[in-house]
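Good morning. I will talk through one protein chain, starting with the whole and then going to a few places in it. Please have a look at it first.

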Amino acid sequence: MKTVLVAPDSFKGSLSAVDFCRIVERAGQGVADGLNFISRPMSDGGEGFVESITYAGLAESHEVIVQDPLGRPVAAKFGWQPDSKTAIVEMAQASGLPRLAEHELNPMAASTYGTGQVLAAAIRLGAEKIILGLGGSATNDGGAGALQALGFDFRNAQGDSLAFGGGALVELDHIERNAPGLVKSDLNQIEWVIACDVSNPLLGEQGATAVFGPQKGVDETTAPILEAGLKQLAKVIEADWGKRIEHLPGAGAAGGMAGTFVGLLDARLASGFDLLAELLSLNEVLRDGDVHLVITGEGKMDEQTRFGKLPNRIAELAGDYDIPTVGLCGKLEATTQDLPAFFELRTIHELAPADADLPTLLRLSAQNLEATIHTHLKNWL
């Protein structure tokens, strides 16, 4: 019996990584008898991070009602491993861009408070380790909202608590710890691991506001205010907590949330892919699972795919065990002459004709994926 490992990223706007796996499993069963599929939907720490773990049966799924970036109630899920007392939390569940319509984007007011509520629920379960996936945030508040939900108090020079949102950080004077309502007497007793695959610093031309802000609604008017707010946050953390986060690689992830968690909770930053690969035991699956082929994919592949993006990381890992990897994508933006130079993938297959427009690609992603598996899987094996 031949085994196929299915380990894709999401096709943003059309297919989740879990949907991709389900379609490949269903279509593949009709191609040849005796095929076994192992599905490991992947994520770099953003959308789908929690679902990747729970779909594989490696964590329980817990749901809580929390606040979205603008304070409205929303359901968010997190993963829970009772034996190891480990919680897997995805900040996009509560504080991500998909929670807001385009006209609602407002990084001056948007808050990570809901993510903090998810973290608080995990701590109440007895979490001793929390893996927090960052990515796809709608916020630029430096993670202040999340820490406010955990009992930290961000105050101005007059001693008043700051309002939610990135716009309020310019008034920050000090941060009080162990404020009323703190869910654990010492949050530093928890092992905090931040899953993110960006290396952007907190401030500057490559920082949180400049690089990631525009997709969250940052404009020429609000950018200086938000940048000044994050700078003030870094200043207070250095002065009062002795942690320098301003130039820390990765501190700019999720609107500066990564840097603040390092500064206030001694969190460790780690590659989202590496963490998920470890949680999903990918090395063990590839080594011991009699895998003959790996199928991965993402919405668009281009020259950037070789620079640590998920499909190439999967292919590199499979290559350690001499297992070929096929990459599927909705859109391929590279010439066939370029492919051997920078891809670890054995072959790359575009799901639709190169001249298809984006709305068509998104609408027909599932149909095109199923047709591709029916047509090509036998040749790949």
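I will begin with how to read the model, then turn to the chain as a whole, and then to a few residues.

This is a predicted model, in which local features need pLDDT of at least 70 and side-chain atom pairs count only at pLDDT 80 or more, while totals for chains, interfaces and linings use all residues. Residues are numbered from 1 along each chain as its sequence is written, and side-chain values use heavy atoms, with hydrogens and water left out.

First, the whole chain. The protein chain has 14 helices and 13 strands; these are DSSP runs, H or I of at least four residues for helices and E of at least two for strands, numbered from the N terminus. Its radius of gyration is 21 Å, which agrees with the value near 21 Å for a compact globule of 381 residues. That radius is taken over C-alpha atoms, and the globule rule is 2.2 Å times the number of residues to the power 0.38. Along the principal axes, the C-alpha atoms fill a box of roughly 70 × 45 × 35 Å.

Of the 381 residues, 55% are buried. Buried means under 20% relative accessible area, exposed over 50%, and partly exposed in between, with a 1.4 Å probe and protein chains only.

Next, Asn140. Where is Asn140 found? It sits in the loop between β6 (129-133) and α5 (144-149). Asn140 is buried, because its relative accessible area is 0%. Leaving aside neighbours within four places in sequence, Asn140 is in contact (heavy atoms within 4.5 Å) with residues including Pro107, Thr209 and Gly255.

Now helix α9, residues 272-279. Six of its eight residues are buried, so the helix is largely enclosed by the rest of the structure. Among them are Phe273, Leu276 and Leu279. Just after α9, Ser281 has a positive phi of about 55°.

That brings me to phi. Most residues other than glycine have a negative phi. Lys85, not a glycine, has a positive phi of about 55°. Lys85 lies in the loop between β4 (73-81) and β5 (86-90) and counts as partly exposed, at 36% relative accessibility. Asp322 also has a positive phi, near 55°. Asp322 is in the loop between α11 (310-319) and β12 (325-333), and at 73% relative accessibility it counts as exposed.
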